[in-house]
Amino acid sequence: MIQVAVELPAVPVRPARPGDAHVLFALSRGFMASGELRSRPVGHYLARAGEFLLAPDAPEGGVPAGCVAVRDEGEGVAVLHNFCVARGSQGRGVGSALLRAALARARRLDADRVFTATTGPAVLFLRYGFTPTEPERAPASWAAALDPARGSRVYVRTL
């Protein structure tokens, strides 16, 4: 079988602004309902909008195609959370663009390690060099907030 590489168009990613909190919440709500994201109130997005990166569906800033938050945990550690790509935008390079931008932001925060957790297959994280790790290696406050009932697995990447 011959595999053909398909070049996807560049996906713009920008820092979220406080006014984006409601669209971040709206994008995340479906993933919360399915159990793929931990349930959080809109106030979480209002308080933490500055941690988020947003991939708008259109350069003009239309409905978001995806988002991810990058939180500085100090001591050279960053955490990625609330990573989601709208169902209709999956397979178009949105997740890759968000992950590249998130890793670049983590580097600017002087992180040398980035942690994340997922209930999914983690294919994208593995493709970008994340490896499975024990929750005990992650920042304690973040790891303590993981819900064991959701079955999240923790991954780490060295920068």
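Is tyrosine 45 buried or exposed? Tyrosine 45 counts as buried, at 0% relative accessibility; buried means under 20% relative accessible area, exposed over 50% and partly exposed in between, with a 1.4 Å probe and protein chains only.

All views show a predicted model, in which local features need pLDDT of at least 70 and side-chain atom pairs count only at pLDDT 80 or more, while totals for chains, interfaces and linings use all residues. Residues are numbered from 1 along each chain as its sequence is written, and side-chain values use heavy atoms, with hydrogens and water left out.

**View 1**
Seven strands form an open, mixed sheet in the order 1-2-3-4-5-7-6. Strands (E, at least two residues) and helices (H or I, at least four) are DSSP runs numbered from the N terminus, and two strands pair if DSSP finds at least two bridges between them. Strand 1 (14-15) and strand 6 (131-133) are the edge strands; each has a single partner strand, so one side of each lacks a neighbour in the sheet. Strand 6 pairs with strand 7 (residues 153-158) in the antiparallel sense over three bridges. Within this pairing, tyrosine 155 in strand 7 is the bridge partner of proline 132.

Axes are lines fitted to C-alpha atoms, for helices over the stretch in contact, and angles between N-to-C directions run from 0 to 180 degrees. Helix 3 (residues 94-108) also packs on the sheet, at about 160° to the direction of strand 4. Eleven of the 15 residues of helix 3 are buried, so the rest of the structure largely encloses this helix; among them are Val94, Leu98 and Arg105. Aspartate 110, which follows helix 3, has a positive phi near 65°.

**View 1. Strand 4 and its partners.**
Nine of the nine residues of strand 4 are buried, so strand 4 is largely enclosed by the rest of the structure. Strand 3 and strand 4 pair in the antiparallel sense over seven bridges, and glycine 74 stands opposite valine 77. The two strands form a hairpin with two residues between them, where glutamate 75 in the turn has a positive phi of about 55°. Strand 4 pairs with strand 5 in the parallel sense over three bridges. In strand 5, arginine 113 is the bridge partner of valine 77.

**View 2. Arginine 14.**
Arginine 14 is located in strand 1 and counts as buried at 17% relative accessibility. Its side chain is joined to that of aspartate 20 by a polar contact of 2.8 Å (a pair of N or O atoms within 3.5 Å; within protein, one must be able to donate a hydrogen and the other to accept it, and residues adjacent in sequence count only if both atoms are side-chain atoms).

**View 3. Aromatic pairs.**
There are four aromatic pairs; rings of Phe, Tyr and Trp (its six-membered ring) pair if their centres lie within 6.5 Å, and planes under 30 degrees apart count as stacked, over 60 as edge-to-face and the rest as tilted. Phenylalanine 25 and tyrosine 45 have ring centres 5.9 Å apart and planes at 65°, so this pair is edge-to-face. Phe25, Tyr45 and Phe52 form one aromatic cluster.

Note on methods:
Contact means heavy atoms within 4.5 Å.
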